[in-house]
Structure formats: structure tokens, C-alpha cells
Amino acid sequence: MRQRIAIYGGTFDPIHNGHWQVAKAIMNCFAMDRLLFVPAFVPPHKRGQQISSPFHRLAMLAVATMNEAQMFVSPVEVEAPERPYTVQTLDRLKAGLGNAQLFFVMGADSFRDVTTWREHQRLLSEYDVIVATRPGYQFGDQGETPIAAHLSPELQTKLVDLSGGQLPSEEDFASPRIYLTDYVEVDVSATDVREIAQQGKSIVNWVPPAVAAYIEKYKLYQKP
């Protein structure tokens, strides 16, 4: 059988418990063989914003996944900042991972803007995509899904509604799909974590323990 590998891309500035629980849920519910965190060098949609060094962000992911046998960190975007687009990253990973089936993981906010991404039609047609939303999100009735109303009719046919904690079926994996999931409910964002750290307060409840220690050691997010 083909290996299933989740590709979880993002800024991860820093990785927090919301990211972590989504990764765990995707691993379990989709029976993934591996999950790769892929920190962006500088996301195209965040150019001009102040973002932590990609090497700090990669290091935080590395310490977070240190004891996770099936979770890894890929430096593919950090090593090739001139190719920042997701579809390019997936193409490179696909070439290096052989016959594996890749599942790109994104949050609901990113999914709403996905039609502005480079070659989004090809990305959503050629690769499996898992959209992580919070429980209670309205997916719509009779196949009319508000969260995906911005997609073309062709892409709408690829939607798989897994709301209410449903699991995908083996039949779903036969061709690329767009899975709408609501496995995790964590009220935290990277902006929240940075603001708490800037105030000199503890972030141990918001990020993995090793990440909290890393941020404290290197005084990340604290004003000079």
C-alpha cells in the first residue's frame, strides 16, 4: 500500500497547542504513516510583516517533535526561499517521496483565501487537502458548503464532509479529495502566544513544553 504522508505547512511563529492537536488528530484519523511540518521561509501573503527567523521557527518545530517517531520537520522551504509557493513545495516533496500519497493540511482561514494562491486549481486537483476547522462550523446542507463556496464547481465535487468527527473511508483515498474536518477545538493563535510572551508572562499552557523552554531561553518575542 502507498504510504500516506501529511504535509503541514505554515509560519509556525511559534507552533502552539492548536497546531499540535491538529497534527495529532490528522495522524490518527487518517492513519498517516508520517507527518512533515514545513515552516515557510517567508510566506508570500506575509511579506512585509515582522516574522521570526525561519531558523528559530524550524528549531522550535524540531524540539517539539523530538520524541515523536512519525513526525518530522522538513527544511524544504527554508532551503529554497526563491520558491515559496505551496504548489512548488508539494511538487518537490512528491518528487523526493516517490509513490507516497501526500495530504496537504491547512487551516480554515487559509482555505478561505486559497483561490488567491499560485496555481490553486492544480493544487486542489492533484493533491489531497485536509482543512482543519473548529467543531460546530457550518458546512451546509445537501452538498452546499459555505466554507467552500469560493471554489469552482469542478473543485466542489471533490469535497468530503467529515464534520462531527467522522473518519474518511478507504474509497475516499482513491483520488485526490478536499476533506473538511472539525476534529480539534483549541482557542489559541500564534498572535496570542507572541503577545503573552511579549508581556513576560508564562506560555506553558499554550505551546508544547519544549517550545516554551526554547522561547524562554532565546527570549523570543520580547521587545529589546
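This is a predicted model: local features need pLDDT of at least 70, side-chain atom pairs count only at pLDDT 80 or more; totals for chains, interfaces and linings use all residues.
Residues are numbered from 1 along each chain as its sequence is written. Local features need pLDDT of at least 70 and side-chain atom pairs count only at pLDDT 80 or more, while totals for chains, interfaces and linings use all residues, and side-chain values use heavy atoms, with hydrogens and water left out.

**Exercise 1.** Work out what the chain looks like overall.

*Solution.* Start with the secondary structure: 8 helices and 7 strands (DSSP runs, H or I of at least four residues for helices, E of at least two for strands). The radius of gyration is 17 Å, close to the 17 Å that the globule rule gives for 224 residues, so the chain is as compact as a globular protein of that length (taken over C-alpha atoms; the rule is 2.2 Å times the number of residues to the power 0.38). Then look at burial: 48% of the 224 residues are buried (under 20% relative accessible area, 1.4 Å probe, protein chains only).

**Exercise 2.** Check the length of helix α1, then find what covers its buried residues.

*Solution.* Helix α1 takes in residues 17-29, and at 1.5 Å a residue its 13 residues should span 18 Å; the end C-alpha atoms are 18 Å apart, which agrees (the expected span is 1.5 Å times one less than the number of residues). Next, pick out its buried residues, among them Trp20, Val22 and Ile26. Their cover includes β1 (4-10), β2 (34-39) and α2 (54-64). Finally, step past the helix: Ala31 follows, with a positive phi near 50°.

**Exercise 3.** Say how far apart in sequence the contacting residues are.

*Solution.* Take the contacts (heavy atoms within 4.5 Å) with a separation of 6 or more: 70% join residues 24 or more positions apart.

Technical notes. Buried means under 20% relative accessible area, exposed over 50%, partly exposed in between (1.4 Å probe, protein chains only).
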